[in-house]
Amino acid sequence: MTQETAAATTDAVLDREETISRDELEALQLSRLQHTVAYAYDRVPLYKRKFDEAGVHPTDLRELSDLAKFPFTTKEDLRLEYPFGMFAVPQNEVARIHASSGTTGRATVVGYTKKDLADWAKLVARSLRASGVRPGMKVHNAYGYGLFTGGMGAHAGAEALGCTVIPISGGQTERQITLIQDFKPDAILATPTYLLTIADAMIKQGIDPASTSLKYAVLGAEPWTEEMRHELEVTMNIKACDIYGLSEVMGPGVAGEAVETQDGSHIWEDHFRPEIIDAFDPSVVLGDGEPGELVFTSLTKEALPIIRYRTKDLTRLLPGTARPAHRRMGRITGRSDDMIILRGVNLFPSQIEEIALRIPELSPHFQLELTRPEGHRMDQMTVKIERRDAVTAEGAAAAAKVLQQQIKIHVGSSCAVDVVDPGSLERSNGKLRRIYDMRPKG
């Protein structure tokens, strides 16, 4: 830890809930959980129906482990109740509405009361502070604004922390660079792949990304690896930390990573109860340290309480470190619905990123193309990845062979590798698309 990072962590004033013991936290969780389950049952018809069908009642929740008796909530539940069927308060108490893009089906809609918005801002502020951001800093917010929760959620949290917010939103990369140079922000909020896009564009303009005023980056909205963290920190001379959230549970700020440890995001368990379930047998709740699918129950939300929401994110729960009472999330290895099954082997884009970034000739810019050539029964995956600028054609060919071998060794499946010229693949303006499925439908 640098002296600057150490100083940034010692001058932070923590919320009381960040400093309580695990026993105190679990007592608070149980009280809030009992209230939330009864509140949802009384106010949201879907929950009354699901609880009754499962043969459980809010009074059955006597200890934290009893949560496993209750049914899950899924994205499909929210889509079936579109637009406002999941709301637990009258419309005149809903202060704001957000929604997903709906690119994979009907949009999921979420709502917030004024108290929900205040709690959300508080938790984003807590996450930013944990990641090194301090009151008075200028914060360049490159998350997208609008119905997506990222932009406005991060904005409100930075303001609540006492920062000066630069609300640039996503895209307009040239303008992003101009404002970073002119306004001299201390911190940037973005997706990791978009921050990489900004750094690459700076290099093309002859600007050294390590020479800017930026000291901290708080990055989220997509899985990223330790190798990507190293790439960004070295390229931009920053400390990069994770922030986690999803619209259905709240938005960004459900969990945040501490800059002094950088060992996974602490879940703010005074507001959310996490579980890990077996992704293939959801009835099995796994213990801490075991990998599986992350499930969340909200403990304080008014407009849209959420009970046992299946996030599809694959991770594990670990003991707290910088915030000892609050458990950490391990790195998200992928999403169960982003998993590629290639010739009987399960793999995720993050595995390819992790392997590729260990090969010096290759850049972090890659895509996975899935095809099934005519007349073949087996699927084919091609990794299209950019070489770094100084790498020759011979060096690129050698790196392609290394990547192909390493994927076979560490993932267990064969694939083709196509090393392409720098700048030839699509760049992120927010969330980056990694998988291009060109297999015949049906």
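A residue counts as buried under 20% relative accessible area and as exposed over 50%. The structure to which this is applied is a predicted model.

**Exercise 1.** Determine which residues of helix H3 (residues 45–54) are buried, and how they are placed around the axis.

Solution. 
- Step 1. Apply the burial cut-off: Leu-46, Tyr-47, Lys-50 and Phe-51 are the buried residues of H3.
- Step 2. Consider their directions: they cover an arc of only 120° around the axis, and therefore lie on the same side of H3.
- Step 3. Recall the helix geometry: an α-helix has 3.6 residues a turn, so residues three or four places apart point the same way.
- Step 4. Turn to the face away from the buried side, where the exposed residues Pro-45 and Glu-53 are found.
- Step 5. Identify the cover: helix H2 (22–43) and helix H4 (75–80) are among what covers the buried residues of H3.
- Step 6. Inspect the end of the helix: just after H3, Gly-55 adopts a positive phi of about 75°.

**Exercise 2.** Describe how helix H7 (residues 173–183) and helix H8 (residues 192–204) cross and which residues meet.

Solution. 
- Step 1. The two axes come within 10 Å and cross at roughly 75°.
- Step 2. Angles from 65 to 115 degrees count as roughly perpendicular; H7 and H8 are therefore roughly perpendicular to each other.
- Step 3. On the H7 side, Thr-173, Gln-176, Ile-177 and Ile-180 make the contact; they meet Tyr-194, Thr-197, Ile-198, Ala-201 and Met-202 of H8.
- Step 4. Sorted by class, this contact of H7 with H8 comprises six nonpolar, three polar and no charged residues.

**Exercise 3.** State the strand order of the open sheet of nine strands and locate a helix that packs on it.

Solution. 
- Step 1. The order is S4-S3-S5-S6-S7-S8-S9-S15-S14, and the pairing is mixed.
- Step 2. Strand S4 (164–166) and strand S14 (317–318) form the edges, each pairing on one side only.
- Step 3. Strand S3 (residues 138–141) and strand S5 (residues 187–190) run parallel and are joined by three bridges; Asn-141 stands opposite Leu-189 in S5.
- Step 4. H7 packs on this sheet, touching S3, S4 and S5, and its direction makes about 180° with that of S3.

Note on methods: Residues are numbered from 1 along each chain as its sequence is written. This is a predicted model: local features need pLDDT of at least 70, side-chain atom pairs count only at pLDDT 80 or more; totals for chains, interfaces and linings use all residues. Side-chain values use heavy atoms; hydrogens and water are left out. Axes are lines fitted to C-alpha atoms, for helices over the stretch in contact, and angles run from 0 to 180 degrees between N-to-C directions. Helices (H or I, at least four residues) and strands (E, at least two) are DSSP runs, numbered from the N terminus. Angles under 35 degrees count as roughly parallel, over 145 as roughly antiparallel, 65 to 115 as roughly perpendicular and the rest as oblique. Contact means heavy atoms within 4.5 Å. Ala, Val, Leu, Ile, Met, Phe, Trp, Tyr, Cys and Pro count as nonpolar, Asp, Glu, Lys and Arg as charged, and the others, Gly among them, as polar. Two strands pair if DSSP finds at least two bridges between them. Buried means under 20% relative accessible area, exposed over 50%, partly exposed in between (1.4 Å probe, protein chains only). The arc is that of the directions from the helix axis to the C-beta atoms.
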